[in-house]
Amino acid sequence: MEHVRVALQAMDPVSHAGLAALLQFRGDITVLRPQQRADADVLVAAAERLTPDVVATLRRAGAETVAPIVLVCQEVVEAELMTAVECKVVAILPRAAVTSERLAHSVRAAAAGGGVMPPNLVGELLKQVDRMQRDVLAPNGLNASGLTPREIDVLRLMADGFDTNEIAGKLCYSERTVKNVIYGVTHRLKLRNRSHAVAYALRAGMI
């Protein structure tokens with residue numbers, strides 16, 4: 001079983017100690033010290049509500065690590081759901097229902113690239129994603145990955161090993177157009193280089 005390193009984020013010492021106690025006897029989970037947060041595979045955060053202060057704290061924590069977040073919260077209302085997702089929250093556990101087993105399951109799911117949501121929030125999240133696709137992304141020629149069809153075509157050929165000149169020939173574009181497409185993707189999505197752009201598209205399931 002793969003070992004998961006967990007960092008904790010709580011609004012008060014009692015909640016922090018409670019999270020640590022729930023996870024400390026899991027043989028495949030290690031709770032890191034605060035100064036080790038950058039090495040975490042998953043961040044577990046606890047809060048009463050998703051207030052603006054909590055959102056700001058989650059965003060600061062997310063800037064310190066690329067780890068997904070498991071949120072233990074008294075309540076997350078439907079209107080707050082997309083905000084939580086934007087803060088890298090992939091699992092939400094109602095505070096009153098948290099057990100050691102449920103928390104460990106959510107941590108493992110987050111580390112594996114999955115998520116855990118209460119059933120009522122899953123349906124709402126799907127509806128909100130659909131609205132975003134219909135009202136925001138589609139009118140701008142984008143999809144949920146943030147890529148246009150032309151960008152996907154270029155990245156697919158890059159993944160197949162073709163260089164700029166060959167891609168231009170296959171798509172009937174100029175080399176300058178291909179270079180502009182690649183630059184646009186890497187700049188807009190803050191990707192480091194062409195390889196990073198291809199990896200992003202692969203992870204998004206677009207190529």
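The charged end of Arg-150 sits over the ring of Tyr-173, 5.7 Å from the ring centre; the call requires NZ of Lys or CZ of Arg within 6 Å of the ring centre and within 35 degrees of the ring normal. This is a predicted model, where local features need pLDDT of at least 70 and side-chain atom pairs count only at pLDDT 80 or more, while totals for chains, interfaces and linings use all residues. Side-chain values use heavy atoms, with hydrogens and water left out, and residues are numbered from 1 along each chain as its sequence is written. Ring-on-ring pairs come to 0, taking rings of Phe, Tyr and Trp (its six-membered ring) with centres within 6.5 Å.

Next comes the sheet. Its 5 strands make an open arrangement in the order S2-S1-S3-S4-S5, with parallel pairing; strands (E, at least two residues) and helices (H or I, at least four) are DSSP runs, numbered from the N terminus, and two strands pair if DSSP finds at least two bridges between them. S2 (29–31) and S5 (89–94) stand at the edges with a single partner strand each, so one side of each has no neighbour in the sheet. From one strand to the next, the twist averages 30 degrees. Further in, S1 (residues 4–10) and S3 (residues 42–49) run parallel and are joined by 5 bridges; Gln-9, for instance, has Ala-45 in S3 as its bridge partner. Helix H2 (residues 52–64) lies across S1, S3, S4 (69–75) and S5, running at about 170 degrees to S3. Axes here are lines fitted to C-alpha atoms, for helices over the stretch in contact, with angles from 0 to 180 degrees between N-to-C directions.

On to the helix pairs. The axes of H1 (residues 13–23) and H4 (residues 100–111) come within 8 Å and cross at roughly 85 degrees, so the two are roughly perpendicular (65 to 115 degrees). Leu-19, Leu-22 and Leu-23 of H1 meet Ser-100, Leu-103 and Ala-104 of H4, contact meaning heavy atoms within 4.5 Å. That set splits into 5 nonpolar, 1 polar and no charged residues, where Ala, Val, Leu, Ile, Met, Phe, Trp, Tyr, Cys and Pro count as nonpolar, Asp, Glu, Lys and Arg as charged, and the others, Gly among them, as polar.

H7 (residues 164–171) and H8 (residues 175–188) have axes that come within 8 Å and cross at roughly 105 degrees, which makes H7 roughly perpendicular to H8.

Leu-155, Met-158 and Ala-159 of H6 make the contact with Arg-194, Ala-197, Val-198 and Ala-201 of H9; the tally is 6 nonpolar, no polar and 1 charged.

Notes. Phe/Tyr/Trp six-rings, centres within 6.5 Å; stacked < 30°, edge-to-face > 60°. Parallel < 35°, antiparallel > 145°, perpendicular 65-115°, else oblique.
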